[in-house]
Amino acid sequence: MSFHWFFLLAAVAVEIIATAALKSVVSSSWLVALLPLLLIGVSFALVSVALRVIPMAVAYAVWEGIGIVGIALIGHVLFGEHLTLGRILALAAIVGGILLIEAGIGDGEAERPREGGARREPSAGKLASGLPRASAPKLEGRLV
């Protein structure tokens, strides 16, 4: 496991703590209420490091999906929120979806390994789908 995964898992943990703190400080002063916001910023910073190596779809699915499951468990344990059978099944579906995304279900052609094990990279002028890249429109004049 690369250290980028540790950054991603740390981002998940910080997000869960921030969300639990947000629920705890609802009726506190505005200064105390800044703590969860700062923690969410730390979580974003950690996930940005993970995105250097981990594909965005995988990183976001893990970050938010495990975060949702963790927050549901924290809500149940610390705040007495109910976990019904339907909610438990929904959380299991989220975890299943994360596992499918991480396993590469539905990968595009660029992600499939070739016979030699190397990945085929899309050409510079084309997307992984083979479609040509659109160039950004040029802005003329001044923006007002």
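Modeller: Two packed helices are described by the angle between their axes and the distance between the axes. Here the axes of helix H1 (residues 3–24) and helix H2 (residues 30–50) come within 8 Å and cross at roughly 165°. That angle makes H1 roughly antiparallel to H2. Bear in mind that this is a predicted model: local features need pLDDT of at least 70, side-chain atom pairs count only at pLDDT 80 or more, and totals for chains, interfaces and linings use all residues. Residues are numbered from 1 along each chain as its sequence is written, and side-chain values use heavy atoms, with hydrogens and water left out.

Biologist: What do "helix", "axis" and "antiparallel" stand for in that description?

Modeller: Helices (H or I, at least four residues) and strands (E, at least two) are DSSP runs, numbered from the N terminus. Axes are lines fitted to C-alpha atoms, for helices over the stretch in contact, and angles run from 0 to 180 degrees between N-to-C directions. Angles under 35 degrees count as roughly parallel, over 145 as roughly antiparallel, 65 to 115 as roughly perpendicular and the rest as oblique.

Biologist: And which hand does the crossing of H1 and H2 have?

Modeller: Left-handed. A crossing gets that label if the near helix is turned anticlockwise from the far one by less than a right angle, and right-handed if clockwise.

Biologist: Which residues make the contact between H1 and H2?

Modeller: Contact means heavy atoms within 4.5 Å. On the H1 side the residues include His4, Phe7, Leu8 and Val14, and on the H2 side they include Pro36, Leu39, Ile40 and Leu46. Sorted by type, the residues of this contact divide into 17 nonpolar, 2 polar and 1 charged. For that sorting, Ala, Val, Leu, Ile, Met, Phe, Trp, Tyr, Cys and Pro count as nonpolar, Asp, Glu, Lys and Arg as charged, and the others, Gly among them, as polar.

Biologist: How do I read the span of H1?

Modeller: Look at the distance from end to end. H1 has 22 residues and reaches 31 Å from its first C-alpha to its last, close to the 32 Å expected at 1.5 Å a residue. The expected span is 1.5 Å times one less than the number of residues.

Biologist: Which residues of H1 are buried?

Modeller: Buried means under 20% relative accessible area, exposed over 50%, partly exposed in between (1.4 Å probe, protein chains only). In H1 the buried ones include His4, Leu8, Val12 and Ile16. The buried residues of H1 pack against H2 and helix H3 (56–79). Take His4: it counts as buried because its relative accessibility is 10%. Not counting residues up to four places away in sequence, His4 touches Val49, Ala50, Arg52, Val53 and Ile54.

Biologist: At what angle do H1 and H3 pack?

Modeller: About 40°, with their axes 9 Å apart. H1 and H3 are therefore oblique to each other. Their crossing is right-handed. Among the residues in this contact are Trp5, Ile16 and Thr19 of H1, and Val58, Trp63 and Ile74 of H3. The contact of H1 with H3 divides into 14 nonpolar, 4 polar and 3 charged residues.

Biologist: Is Ile74 buried or partly exposed?

Modeller: Ile74 counts as partly exposed, because its relative accessibility is 28%. Leaving aside neighbours within four places in sequence, Ile74 is in contact with Ile16, Ala20 and Phe79. Ile74 and Thr19 are 55 residues apart in sequence and 9.5 Å apart in space, C-alpha to C-alpha.

Biologist: How do H3 and H4 pack?

Modeller: At an angle of about 160°, with their axes 9 Å apart. H3 and H4 are therefore roughly antiparallel to each other, and their crossing is left-handed. The contact includes Ala57, Val62 and Val69 of H3 and Leu91, Ile94 and Ile98 of H4. Helix H4 itself covers residues 85–103, and just after H4, Gly104 takes a positive phi of about 95°.

Biologist: How many helices and strands are in the chain?

Modeller: There are 4 helices and 0 strands, and the pattern along the sequence is α-α-α-α. Buried residues make up 23% of the 144 residues in the chain. Of the contacts with a separation of 6 or more, 59% come from residues 24 or more positions apart.
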